Amino acid sequence: MTVPSADELLETIRAALAPHGLFLRGTVSFADGEEAPMLADGRPAASIVLIGNIGGSLWEPFSRWRDGEPARGGADPLDNWSKQVIRPVAEAAGAIAYFPSDPPWQPFQQWAMRAERLKTSPLGILIHPQYGLWHGYRGALGFDQVLPRTGSISVGHPCDACVEKPCSSACPADALAAGTFDVGRCRTHLRTQAGAGGCLAHGCLSRDACPVGRDYRYPAQQLRFHMAALSL
Ligand code: SF4
Ligand code: SF4
């Protein structure tokens, strides 16, 4: 049997993810001795492939799946769907799958910062120069081989050039006023009537105020789904 090249392997992964609205977002390779996630046999991975959504790309495939599931996919339907989609891709590629929802907790945000050179926004989530705050990571694959760098590599940081920072002024709880995200202020507001009728019903007003990547804004149903999943 011919062993696929690394580029062929990445193309196969891209093709397997596409029907599910998921994308190969980038790769990270680890130097000898560097902290790396474990493979199934206990060796450190040489590379990981990051998998995620861009804008509302996963919403329709996920919603279709959920409509056909008992109990609408369970208590954590998006995590359950991600595992059902990504585990077979990992198996076919000879990789191990990692998930943000499962221990041992992997540094997904750091991996994304390395893979795509993203930086954090005042909301604490990573901002992409094209997709803005409308993207996410659903899993990763670990390999025993070094994979080439791929995916979009960001240049610059949108928040550096954003003088007025509308994300901060849009928050009714002033949760970004100190320059970092105050989770407590945010959640306290969400528990109020105003919060229930505002951010919880329509999505985070700060996220919505960001001018970057507006074309990738999540659909209304997805916004409500993510807000409803928050622990309040
Ligand atoms: S509004 Fe400006 S500062 Fe806030 S996340 Fe968007 S680009 Fe960054
Ligand atoms: S969800 Fe609402 S209260 Fe929380 S950070 Fe966003 S705008 Fe502020």
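How many aromatic pairs does the structure hold? The structure, a predicted model, holds 10 aromatic pairs.

**First selection: F62 and W81.** Display these two side chains to see an edge-to-face aromatic pair. Their rings lie 5.8 Å apart, centre to centre, with 70° between the planes. F62 belongs to helix α2 (residues 59-67) and W81 to helix α3 (residues 77-93), so the pair ties together parts that are 19 residues apart in sequence.

A search of the whole structure returns one cavity of 30 Å³ or more. The space in the largest cavity amounts to about 110 Å³. Select P122, C159, C162, C167 and C210, which lie nearest the centre of this cavity among the 14 residues that line it. By class, the lining comprises 12 nonpolar residues, one polar and one charged. Next, colour domain 1 (6-155) and domain 2 (159-228) separately: both give residues to the lining, so the largest cavity lies between them.

Ligand 1 sits in the largest cavity. Show the residues that surround ligand 1: S121, P122, I127, C159, C162, K165, P166, C167, C210, P211 and V212. This shell divides into nine nonpolar residues, one polar and one charged.

How values were computed:
Residues numbered from 1 in each chain as written. Chains lettered and ligands numbered in written order. Predicted model: local features only at pLDDT ≥ 70, side-chain atom pairs only at ≥ 80, totals over all residues. Heavy atoms only, no water. 1 Å grid on protein atoms, 1.4 Å probe; cavity = no way out; pocket = protein on both sides within 12 Å on 5 of 7 lines; lining within 4 Å. Points joined across faces, edges and corners; volume = space filled by probe spheres on them. Nonpolar A, V, L, I, M, F, W, Y, C, P; charged D, E, K, R; others polar. Domains from an automatic or database assignment. Near = heavy atom within 4 Å. Sits in = over half its atoms within 2 Å of the grid points. Phe/Tyr/Trp six-rings, centres within 6.5 Å; stacked < 30°, edge-to-face > 60°. Helix = DSSP H or I, 4+ residues; strand = E, 2+ residues; numbered from the N terminus.
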